[in-house]
Amino acid sequence: MGYDAIIAGASFAGLAVAHFIDGEVAVLEREEVLGARQRSTCAAPEGWVRRLGAPESVLGRFDRVVVHSPGGNQAELRLPEGYCTLDYAVFCRKAAERSGAEVLTGERVQEVRRGGRELVCTRRAYTSGVVVDASGWSAAVASRLRRGYAKGRLARGVEVEGRYEVEEAHIYLGSSAVPGGYAWVFPLGDGRARVGLGSLRRLPLVELNRRFLRRLGVRECSPHHGGVIPCSGLREPVVSRVFVVGDAAGQVLPGTAEGIRKCFEFAEVCGRLVSRVVAGELRLEEGLEEYRSRVLASKEFYETMLLVQRVAYRLPDRVLDAAVERGRELADAVVGSYFSERVDERLRKAAGSLRVLQAFLPGSRA
Ligand SMILES: Cc1cc2nc3c(=O)[nH]c(=O)nc-3n(C[C@H](O)[C@H](O)[C@H](O)COP(=O)(O)OP(=O)(O)OC[C@H]3O[C@@H](n4cnc5c(N)ncnc54)[C@H](O)[C@@H]3O)c2cc1C
């Protein structure tokens, strides 16, 4: 059967792109069972989850994030919209159903032909005029079209589910939690939470997470799971004739590792443009160019977050204590800048100070 568009990867980015395309769409997923391999804490804005037709997947809800410094200072950040944690398998199933796309599991992209128009998968080859790579950090399509495309710094994270009663999300900074990253607790409702940590450094993360669980007094109720976060900032969003979306395009935010909301936002841009290409309102080249320029409009914000990441995760504990103390007063401004992605004079000045600070920090560039 001929498809108007084919998408590699049936997770947050791929299923959201499918949702926004009017037409015959195939989503190719390497796993045998959709949503079988959860890697993430799966915290995302609830409004988005409902919009994509997966309210059944919502587990815990929260609207605040409490940041803890190593010395015990706390800053509370109020989120501009309600967030939730998700049951990943249910999210994938419901979002797939409601997207109207044909999801083909057990189809790993193994080879890319004809400049990206043909994807050779486990069982057969698929061809379409429109191809989207939403296959996560390793960018299964784009990296076959452009050698070294998926290179760049990676962070790693692990977590478990445990019995722990919290109503808000918690972030723990400093070397006693994990060097070069942060530890977290996200509510799942029902007296349970996802508890984990991630770092830019190569560390025994499971061991460190067990130490963190002991510190909080949390009993593990699941095996550890986790994954990789491509946190080097935006990659080129168009490769050859292929739209690249989500982690495949480095769209996860450096510094916070928030990737799901960004998948959804850029997927909407991509899916709507693809629909116009399919309807004959735009030529493919015009759709690709428009997508590229809409994504790269965020470049300066991503570069600023990259700088925050390079500095924040190398600061000594006592500086983190002071930063979190000061963060309490600046909480609304910080949240406002983060969610609006507005790079104004104040943010540029702050970035300038971070650049100066960076020069005085020990260790390699993070
Ligand atoms: C431990 C951890 C915790 C995180 N917590 C959060 C959080 O709470 N909130 C948040 O916003 N972000 C979080 N993130 C980041 C977030 O999970 C990612 O940004 C997000 O999953 C990216 O979605 P994606 O669809 O682009 O890629 P992925 O979710 O990685 O999905 C890629 C899909 O493509 C498939 N695939 C891969 N290769 C092929 C191939 N060759 N052929 C066919 N299919 C293929 C995969 O099986 C997978 O289904 C976390 C990340 C980690 C590692």
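Q: In which hand does α8 pass α10?
A: Two packed helices are described by the angle between their axes and the distance between the axes. A crossing is left-handed if the near helix is turned anticlockwise from the far one by less than a right angle, and right-handed if clockwise. In this predicted model, α8 passes α10 in a left-handed crossing. The axes of α8 (residues 299–312) and α10 (residues 345–360) come within 10 Å and cross at roughly 35°. Axes are lines fitted to C-alpha atoms, for helices over the stretch in contact, with angles from 0 to 180 degrees between N-to-C directions. Helices are DSSP runs (H or I, at least four residues), as are strands (E, at least two), numbered from the N terminus.

Q: Which residues make the contact of α8 with α10?
A: Contact means heavy atoms within 4.5 Å. On the α8 side are Glu 300, Thr 304, Leu 307, Val 308, Arg 310 and Val 311. From α10 come Leu 347, Arg 348, Ala 351, Leu 354, Arg 355, Leu 357 and Gln 358.

Q: How do I read the numbering and the confidence limits?
A: Residues are numbered from 1 along each chain as its sequence is written. Local features need pLDDT of at least 70, side-chain atom pairs count only at pLDDT 80 or more, totals for chains, interfaces and linings use all residues, and side-chain values use heavy atoms, leaving out hydrogens and water.

Q: How many residues of α6 are buried?
A: Buried means under 20% relative accessible area, exposed over 50%, and partly exposed in between (1.4 Å probe, protein chains only). For α6 (residues 260–278), 15 of its 19 residues are buried. This helix reaches 26 Å from its first C-alpha to its last, close to the 27 Å expected; the expected span is 1.5 Å times one less than the number of residues. Just after α6, Gly 280 takes a positive phi of about 80°.

Q: Is Arg 194 buried or exposed?
A: Arg 194 lies in strand β14 (residues 192–199) and is buried, with a relative accessible area of 2%.
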